[in-house]
Amino acid sequence: MNTAAAQHQSVKPLTGWRVLVPRGGPWGDGVAATLRRQGATPVIAPLINFAPTNDQAALEQALADLAAGRFDWLTVTSATTVDVLYAYRAVVPASTKIAAVGETTAAALLAVGYHVDLVPDRDNSAAGMAEQMIGLEPQPRDILTLRSEIAKPVLTRMLTDAGHRVRSVVAYRTVGVPVTDRIAEDVRSGRINAILVTSGSVAEQVHEQFAHIPATTLIAAIGPRTAKDARRAGLDVDVVAEAQTVDALIDAVAKFSLPHAADEFAPRTGALPRLGMDSRG
């Protein structure tokens, strides 16, 4: 192998990229570390945060009962719920199993020291998680479901209909976090090469806070469900990860070359290459 070829092979796939990471905390730090290993410069800009639930007493009682071992299962349907658990220093006994809705949520749990006993094999949704739990637990169990204020009660309803004893508690309200003027300008000017979209709430904030996103800036969604939510929020999604994991999301971005020359792709009208895209998204 000649020297030029060897140097080319050693270049990391995202060298030169500046990628916006839309969440902070342990999860954001983990994503940033993964991006750096691929050669990218991560820009951590939390777009959402959680606000306290309007029923603080119910949450605190639920977490006290959780620590006391009164639940067989805890269900976690977002990384934001993990932020709440971490903020409250919630104790989850080894005897209580934890179900995470997808790999992103599971990674967030592991990052702050919790265990994960179940991640749905196929359908990374509340319904998919409920179906798998029902299949695993033929006998009635005590289950704590922590959810956002706006979440539909799909999980609670399915588990209750299957005979389980479910306590559904609002853990947080999602609120937007304004980015700095500098980051807003970096997005507007195209200095940010890619924006990671990891939830419908993040998609809404991207659309609201960045009035002008250049056509050369890649909008990358973490899975078909998030891509659907992003389009509903008004974003033009360029690439969708094949699996709902951070690694799959970053791999999908890495399939594009930098810079995104204007003549390489069609204008953002749905005609961009759909690398790793699921048409159902």
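A crossing of two helices is called left-handed if the near helix is turned anticlockwise from the far one by less than a right angle, and right-handed if it is turned clockwise.

## About the model

This is a predicted model, in which local features need pLDDT of at least 70 and side-chain atom pairs count only at pLDDT 80 or more, while totals for chains, interfaces and linings use all residues. Residues are numbered from 1 along each chain as its sequence is written, and side-chain values use heavy atoms, with hydrogens and water left out.

## Helices α2 and α11

Helix α2 (residues 25–37) passes α11 in a right-handed crossing. Their axes come within 11 Å and cross at roughly 40°; axes are lines fitted to C-alpha atoms, for helices over the stretch in contact, and angles run from 0 to 180 degrees between N-to-C directions. The two helices, α2 and α11, are therefore oblique to each other (under 35 degrees counts as roughly parallel, over 145 as roughly antiparallel, 65 to 115 as roughly perpendicular and the rest as oblique). Helices (H or I, at least four residues) and strands (E, at least two) are DSSP runs, numbered from the N terminus.

On the α2 side, Trp27, Val31, Thr34 and Leu35 meet Val246, Asp247 and Ile250 of α11, where contact means heavy atoms within 4.5 Å. This contact divides into 5 nonpolar, 1 polar and 1 charged residues (Ala, Val, Leu, Ile, Met, Phe, Trp, Tyr, Cys and Pro count as nonpolar, Asp, Glu, Lys and Arg as charged, and the others, Gly among them, as polar).

## Helices α9 and α10

Helix α9 (residues 200–209) packs against helix α10 (residues 224–233) at an angle of about 30°, with the axes 8 Å apart. They are therefore roughly parallel to each other, and α9 passes α10 in a right-handed crossing.

Gly200, Ala203, Glu204 and His207 of α9 meet Asp229, Ala230 and Ala233 of α10. By class, that contact has 3 nonpolar, 2 polar and 2 charged residues.

Now to the strands: 5 of them form an open sheet with mixed pairing, in the order β3-β7-β6-β4-β5. Two strands pair if DSSP finds at least two bridges between them. β3 (48–52) and β5 (97–100) stand at the edges with a single partner strand each, so one side of each has no neighbour in the sheet. From one strand to the next, the twist averages 30°.

Strand β4 (residues 73–76) and β5 run parallel and are joined by 4 bridges; Leu74 stands opposite Ile98 in β5. Helix α4 (residues 79–87) lies across β3, β4, β6 (142–148) and β7 (165–176), at about 50° to β3.
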